[in-house]
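Let's take a walk through a protein model together. Keep the picture open and follow along as we go.

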Amino acid sequence: MNAILQAHALSKRYGQRQALVDCTLELPPGHVVGLVGPNGAGKTTLLKIACGMLAPTTGRIEVLGEQPNGAAVQLARVGYVAQGTPTYASLSVADHLKFGAKMNPAWDAKLAQARIEQLGLNPKQKAGKLSGGQRAQLALTVAVAKRPELLILDEPVASLDPLARRDFLRHLMESVAEHDTSVILSSHLVSDLERVCDYLVVLVSSHVRLAGETDDLLAQHHRIVCTRRQESDLPVGLKVISAEHTDRQSTFVVRSESELPAGDWSAERLELEDLVLTYLEWPVDHGAGSAGTPMQPTGEAQ
Ligand SMILES: Nc1ncnc2c1ncn2[C@@H]1O[C@H](COP(=O)(O)OP(=O)(O)OP(=O)(O)O)[C@@H](O)[C@H]1O
């Protein structure tokens, strides 16, 4: 099937500030893609470009097979909830649903109504008088009820309490399974991503550092502990992502696309959080370009 998002050498500069550099990505359909990275990494910039709200400085991007341009037909296919989950302060909850119905041909009124009731939101209440978390829930309800092919959510659960977060993520998963929706979700909360994402993109300092199916990435990465040695003493084909040394011992996080070769070390798989943290700390000058592309069997970082 065709990729939901295809970016090639995508870069974005705001004046002198480089927000995205040479990002190459191909996101398959039918996944919940977790986009993770530290503050200022370029996540919002990438998501805004994907929605057609920003134009890239250089490079190409296609979303659902088209260049994003912000046109109404395209916007009906892509649900976007911006960071801070904006709503219209002077419109009531019910007005938001009416507006959604008017703007979106595939609007699911039953679902929107059921969500609002379940959340206990008063349809007459103005959005400006809702709490931050309630506004987030309203914005998310409108985005989901559009029944988009692709749902792009920029830190959607940041303002939700833990129960609301769990409820929202559960609902999101149901919706994805029922309606074949693809989702791109940015979050700082790796525990939430772990619960729902089956595809991971790690963005650090404007570069894609890692991209792939979560299960594959977890299967390919190992922490190995051995007697002290240099990276260059490890077998060819192991890409060293991090190295720590004591006087007698070395600990490496390595990536191996084939089965980890046997060696005089102890090896264990990483948890998702460890994997993400390792890549967040991976120096950008360790390798240029996208780590989402297949690794070269040289043992060298790309
Ligand atoms: N409108 C703008 N004008 C100038 N610089 C900008 C603008 N928007 C973003 N930037 C800069 O671009 C870089 C990437 O910002 P972006 O908002 O995409 O990061 P982010 O990963 O979403 O961060 P956060 O997790 O804090 O939301 C940052 O250095 C930011 O300061």
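Predicted model: local features only at pLDDT ≥ 70, side-chain atom pairs only at ≥ 80, totals over all residues.

Start with an open sheet of four strands, ordered 11-12-10-13, where the pairing is antiparallel. At its edges sit strand 11 (239-245) and strand 13 (266-269), each of which pairs on one side only. Going from one strand to the next, the twist averages 20 degrees.

Now zoom in on one pair. Strand 11 and strand 12 (residues 249-255) run antiparallel and are joined by six bridges.

The chain splits into domain 1 (5-205) and domain 2 (214-286). Their centres, taken over C-alpha atoms, are separated by 34 Å. The contact takes 11 residues from domain 1 and eight residues from domain 2.

Which parts of domain 1 do the touching? Helix 7 (190-196) and strand 8 (199-204) each supply at least two residues of the side that touches domain 2. Strand 8 gives the most to that side, with four residues.

As background, nonpolar side chains in soluble globular proteins tend to be buried together. In this model, the largest nonpolar core has 74 residues, and the members that touch the most others are Val33, Ile152, Val201 and Val202. Helix 5 (residues 132-145) is the top contributor to this core, giving eight residues. Because domain 1 (5-205) and domain 2 (214-286) both give residues to the core, it lies between them.

Take valine 201 as an example. Leaving out residues up to four places away in sequence, valine 201 touches Leu25, Val33, Leu35, Val208 and Ala211.

## Around strand 1

Head back towards the start of the chain. Strand 1 (residues 5-14) runs antiparallel to strand 4 (residues 58-63), with five bridges joining them.

Strand 1 and strand 2 make a hairpin with two residues between them, and glycine 15 in the turn has a positive phi of about 60 degrees.

## The ligand and helix 1

Which residues surround the ligand? They are Tyr14, Arg17, Ala19, Gly37, Asn39, Gly40, Ala41, Gly42, Lys43, Thr44, Thr45 and Gln83. Strand 2 (17-27) and helix 1 (43-50) each supply at least two residues of this shell. Helix 1 gives the most, with three residues.

The buried ones are Lys43, Thr45, Leu46, Leu47, Lys48, Ile49 and Ala50. Just past the end of helix 1, glycine 52 takes a positive phi of about 80 degrees.

## Some loop residues to check

Most residues other than glycine have a negative phi. Leucine 64 has a positive phi of about 50 degrees, although it is not a glycine. You'll find leucine 64 in the loop between strand 4 and helix 2 (72-77). Leucine 64 counts as partly exposed because it has 19 C-beta neighbours inside 10 Å. Serine 206 is also not a glycine, yet has a positive phi of about 75 degrees. Serine 206 sits in the loop between strand 8 and strand 9 (207-213). With 22 other C-beta atoms within 10 Å, serine 206 is buried.

Finally, have a look at serine 159, in the loop between strand 6 (150-154) and helix 6 (162-179). Is serine 159 buried or partly exposed? Serine 159 has 17 C-beta neighbours inside 10 Å, so it counts as partly exposed. Setting aside residues up to four places away in sequence, serine 159 touches Gly132, Gly133 and Ala136. For a sense of distance, serine 159 and arginine 248 are 89 residues apart in sequence and 46 Å apart in space, C-alpha to C-alpha.

Key
Residues numbered from 1 in each chain as written. Pairing = 2+ DSSP bridges. Axes fitted to C-alpha atoms, helices over the stretch in contact; angles between N-to-C directions. Core = buried A, V, L, I, M, F, W, Y, C linked by C-beta atoms within 7 Å. Buried ≥ 20, exposed ≤ 12 C-beta atoms within 10 Å, placed from the backbone. Domains from an automatic or database assignment. Contact = placed C-beta atoms within 7 Å. Near = placed C-beta within 6 Å.
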